[in-house]
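Take a look at the structure below. This report walks through some of its charged side chains and their partners.

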Amino acid sequence: MASLEHHGLGVSAGIAVGPVARLAPGPQLPAHDAPVADTAAEARRATAALEAVAADLEARAATAGGEAADVLTAQALMARDPMLASGIADRVTGGRDAPHAVDAALAEHRAALVALGGYMAERAADLDDLRTRAIAHLLGVPMPGVPDPGHPFVLVATDLAPADTATLDRDRVVAIVTERGGPTDHTAILAKSLGIPAVVACAAAAGLRDGDELLVDGGVGRIVVGPDRAQVADAQRAAQELAARRAGSHGPGRTADGHPVRLLVNIGGPADVDSAGVPGAQGVGLFRTEFLFLDRATAPTRDEQEALYREVFTAFAGRRVIVRTLDVGADKPLAYVDQPDEANPALGVRGLRLARRDPGLLTEQLLAIAAAAAGTDAEVGVMAPMVATAAEARDFAAVAREHGIDRVGVMVEVPAAALCATEILQHVDFVSLGTNDLAQYTLGADRLAGELADLLDPWQPAVLRLVAMVGEAGLAHDKPVGVCGEAASDPELALVLTGLGVSSLSMAAACLPDVRATLAAHTLEQCRALAQLALAAPSAPDARAAVHAAVRGEGAAVASG
């Protein structure tokens with residue numbers, strides 16, 4: 001039987017071959033409610049199920065560490081939401097049994113999150129997982145977990161829950177393929193942090209069966225069903241070469257001819273420091289600070305902030321740490337800030353714009369960052385999210401410097417900021433491209449819309465052209481241009497970004513060796529030639545294929561370097 005090739009989105013680089021093992025579906029909810037004799041007892045039964053789920057998620061978080069621990073801890077907090085418990089109790093009082101009450105209450109919460117869009121909508125899939133786990137507990141049936149066929153395998157699923165992805169055994173799960181998902185969902189982020197090759201948004205995954213032999217190339221989003229001997233041999237050789245490059249990857253980032261490209265890590269708080277502090281990481285390109293502000297009734301004090309910031313700065317003494325100021329708003333609501341409902345939160349008062357309503361939050365954060373930095377040897381800078389105009393960049397830089405921070409930059413996440421990069425760089429010391437949001441706003445495609453995942457591809461020509469504009473502005477002003485979105489962790493796209501003028505790349509720690517090794521194998525001129533190949537391509541798949549062929553030596557465009 002001839003092999004069949006299919007494509008999805010490659011979200012975690014690497015090549016693997018193995019038999020398919022499918023994730024079993026969750027338990028089915030009975031068609032009708034069971035009779036309820038004691039509504040109070042039934043409500044307690046539902047609450048106990050959610051508490052058991054939360055405890056299990058916390059136990060998994062304790063062993064996972066890093067980004068996975070943050071994801072699972074946040075999911076446990078969702079299971080303990082008092083509003084969820086109240087909604088379930090109301091439904092039980094109305095005559096529903098515990099499983100159906102849990103299902104209905106979580107469906108209502110899910111719809112509310114999806115309506116908010118942005119960050120909150122990204123959490124909707126976490127509620128689906130809570131529902132499945134709680135209903136399994138209430139029905140007294142085992143929660144289907146990751147299969148264990150007794151040998152290494154390719155895990156195939158419609159989608160993966162964070163609790164499943166975060167605790168995968170890398171010695172058993174050689175690759176992941178899902179039917180749904182996108183480049184910025186939890187499956188993509190956690191697979192990348194674990195170093196497991198992954199392809200998502202692959203429609204062909206629905207037809208794969210247990211035991212099917214599968215070749216997975218997470219770098220280009222390709223799967224081959226029933227690969228022949230030559231294809232398997234090529235894949236094994238490529239995997240060995242990749243492993244050798246990873247093992248030999250060390251030191252600061254630079255191209256083959258010595259052009260420096262600073263390689264940094266993204267972290268979400270002190271809990272990520274252990275996994276982020278890998279040899280060769282030149283610092284932190286994105287320190288997310290939302291962990292301090294969300295899921296609480298009052299704002300963190302300046303002293304509380306200072307202590308946690310200092311913990312990270314101390315761990316990265318002598319290295320750069322770029323702190324993103326608070327990135328919340330209507331799609332990440334704060335209980336202690338007056339935030340009226342907005343028709344379109346993704347385009348509303350979020351990021352730096354929140355300072356229009358509560359400037360004190362930004363002031364306190366900047367003072368805490370400055371105080372924490374003063375007591376360490378880290379090279380600390382700050383950058384503001386959701387900046388659209390040069391005036392916003394100017395005003396933010398003035399406030400940050402007034403409060404004791406010398407190195408100030410802004411995020412480029414909306415097309416307006418890219419189009420005005422020349423003017424923005426007149427006021428700040430650096431800019432950093434958030435390619436996830438830049439793709440979302442440029443293509444008008446919600447990051448959660450799985451069927452639009454192809455539009456969110458950072459290889460999209462429109463996105464690359466905006467990156468090129470920012471890169472040119474950075475070179476003209478002799479100021480750094482970084483990328484801290486998921487695009488930075490794609491080794492071949494990293495070459496293109498470097499060729500477009502990007503001077504630093506920030507990513508999950510597990511991706512550093514691949515990117516460092518790939519950069520070291522190419523000169524700056526080769527990177528520039530690859531960038532031109534990508535810019536000239538009519539579509540994202542064409543851009544990826546052209547660069548991939550050139551890197552693999554199959555094209556003549558970069559033959560001479």
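This is a predicted model: local features need pLDDT of at least 70, side-chain atom pairs count only at pLDDT 80 or more; totals for chains, interfaces and linings use all residues.

R320 sits in strand β11, which covers residues 320-324. E379 sits in strand β12, which covers residues 379-384. Is R320 buried or exposed? R320 has a relative accessibility of 12%, so R320 counts as buried.

## A pair of sequence neighbours

D395 and R394 also form a salt bridge through their side chains. The N to O distance is 3.1 Å. D395 is partly exposed, with 40% relative accessible area. R394 is partly exposed too, at 43%.

## A pair within one helix

Helix α20 spans residues 524-536. R528 and E525 both lie in this helix. Their side chains meet in a salt bridge, with 2.8 Å from N to O. What separates the two along the helix? They are 3 residues apart, so about one helical turn lies between them.

Both partners are partly exposed. The relative accessible area is 37% for R528. For E525 the value is 44%.

## A network, and the total

Some salt bridges share partners. How many salt bridges does a search of the whole structure find? The search finds 26.

## D126 in helix α6

D126 belongs to helix α6, which runs over residues 124-139. Its relative accessibility is 1%. The cut-off for buried is under 20%, so D126 counts as buried.

Which residues does D126 touch, leaving aside those up to four places away in sequence? D126 contacts Q75, M78, P162 and H186.

Note on methods
Residues are numbered from 1 along each chain as its sequence is written. Side-chain values use heavy atoms; hydrogens and water are left out. Helices (H or I, at least four residues) and strands (E, at least two) are DSSP runs, numbered from the N terminus. Buried means under 20% relative accessible area, exposed over 50%, partly exposed in between (1.4 Å probe, protein chains only). Contact means heavy atoms within 4.5 Å. A salt bridge is a side-chain nitrogen of Lys or Arg within 4 Å of a carboxyl oxygen of Asp or Glu.
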